[in-house]
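Have the model open while you read, and take the points in order.

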Amino acid sequence: MVSLDGRWGAAGVVLCLTAGGVGAPSAWAGELTEGGVEHVANMPKPEALTDTFNSDLAFTGDHVIGGNYGGFVVYDISEPERPEIVSEVVCPGGQGDVSVSGDLLYFSVDYPRASDECGAPAVAPSDPDGFEGLRVFDISDKSAPEYVAAVRTDCGSHTNTLVPGADGTSDVVYVSSYSPSEKFPHCRPPHDRISVVEVPHDAPEQAAVVAEPVFFPDGGEASTTGCHDITAYPERGVAAAACLGDGLLLDITDPVAPVVVERVRDANFAFWHSATFTNDARHVVFTDELGGGSAATCSVEIGPERGADAVYALDQDADLPKLDFRSYYKLPRHQAETENCVAHNGSLIPVPGHDYFVQSWYQGGVSVIDLGDPAAPREIGHFDRGPWDPAHLATAGSWSAYYYNGHVYSSDIRHGLDVLRLTDPRLAAAEGVVMTEFNPQSQPVVSPE
């Protein structure tokens, strides 16, 4: 994102752990608009993180980890209609993107702190001693996560993407970041690369940057100053990178040495934000975060081809993989001028043999999309709670919406964690797919029927 998650932080807060079932799910008092989707629970943000934005989600067993600009929350979702807070960690650094691997949690720090300590105050990116990058936590005890390592990365960590290591004894984490400046000692242009961090499972304290592959040796599109996010599909050896002005296809056969094999651009795209593959990896959905997530772009004036998804066909049978544009998808309802609304994070709904997609649109809500015809994707369900402030434009809404083991979990920037049930019978088969771990930016294969 641009305006929501730039490179300036807020005041520091010390580490805080809270265990036990904190609070109870609350009903939403405002207007709820549902179609093919039932809202079954909301867990408000804990008090310690009330004033900071919720961000992304990762899943492990009966728990979901909710990132936040001020830290993260561990929720127990063994009873999805009654989620409970198991613990909260206050460890600010902006963005708070999360990935989980067994007992390890990877947490992105994109706003510099005076040191790598959780309670360190914010500093300017021009401070040579400032820390930003990747934090590693041991979450084997969900009620008391332990901070075990910090890895500095150039330009910090806006997002992180987990890829299993080749030998099975370590994790590889792709760290994406952007917006360099000659004034920033750890983030000078050209920032044409990502950082690759390797984390040994048995010694996570030894996590370190092992490679910095250059994606744009000849320069990218004028607005490209790094990458925003990468979605890997490890079983198929590919990844899709959204890099501000460029969309990339990567060969990740060697996880430590990703290679660019295709690049696309789109005159209607202002900010290549994220990507999702269809299950057969024959298509890729890229998103355009027009306005940086803080603008009201779901309007007649903006139209259906900006701030939208773009579906590309991926020909892997050619000598060189090729991405060919097929269509746009935009939320089919105009939102109020006080609602920030644009394409954001989502995941496939694992219906074997089909490609259904659930996606967040900030205050546009959550949309369920049928990608069966890549040339004409269409909405088959939605959830929309209405504007946060009907009188003024304010940043709010669903940051991420992901399907996991029978329900959709939406990270609402201000309201906390929403739990949704899909009621369309076409999606019922997804309930037969049970995952023990899910990082949406590291796609699993859904077995065919």
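1. Start at Met-43, which sits across from Leu-417 of E29. Keep in mind throughout that this is a predicted model.

2. That spot is a handy way into the pairing of E2 with E29: the two strands run antiparallel and are joined by 6 bridges. In general, strands of a sheet pair through backbone hydrogen bonds, either parallel or antiparallel.

3. Now widen the view. E2 and E29 belong to an open sheet of 4 strands, ordered E2-E29-E28-E27, with antiparallel pairing. Which strands stand at the edges? They are E2 and E27; each has a single partner strand, so one side of each has no neighbour in the sheet. From one strand to the next, the twist averages 25 degrees.

4. Next, the packing. The largest nonpolar core counts 19 residues, and Phe-59, Tyr-75 and Tyr-409 are the ones with the most contacts inside it. At least two residues of this core come from each of E2 (37-43), E3 (54-60), E5 (71-76), E6 (84-90), E27 (398-404) and E29 (416-422). E2 gives the largest share, 3 residues.

5. Phe-59 is worth a click. What does Phe-59 touch, once neighbours within four places in sequence are set aside? Its contacts are Val-64, Ile-77, Val-100, Tyr-402, Tyr-404, Tyr-409, Glu-437 and Phe-438.

Note on methods: Residues are numbered from 1 along each chain as its sequence is written. This is a predicted model: local features need pLDDT of at least 70, side-chain atom pairs count only at pLDDT 80 or more; totals for chains, interfaces and linings use all residues. Side-chain values use heavy atoms; hydrogens and water are left out. A nonpolar core is a set of buried Ala, Val, Leu, Ile, Met, Phe, Trp, Tyr and Cys residues joined through side-chain atoms within 4.5 Å. Buried means under 20% relative accessible area, exposed over 50%, partly exposed in between (1.4 Å probe, protein chains only). Contact means heavy atoms within 4.5 Å. Two strands pair if DSSP finds at least two bridges between them. Axes are lines fitted to C-alpha atoms, for helices over the stretch in contact, and angles run from 0 to 180 degrees between N-to-C directions.
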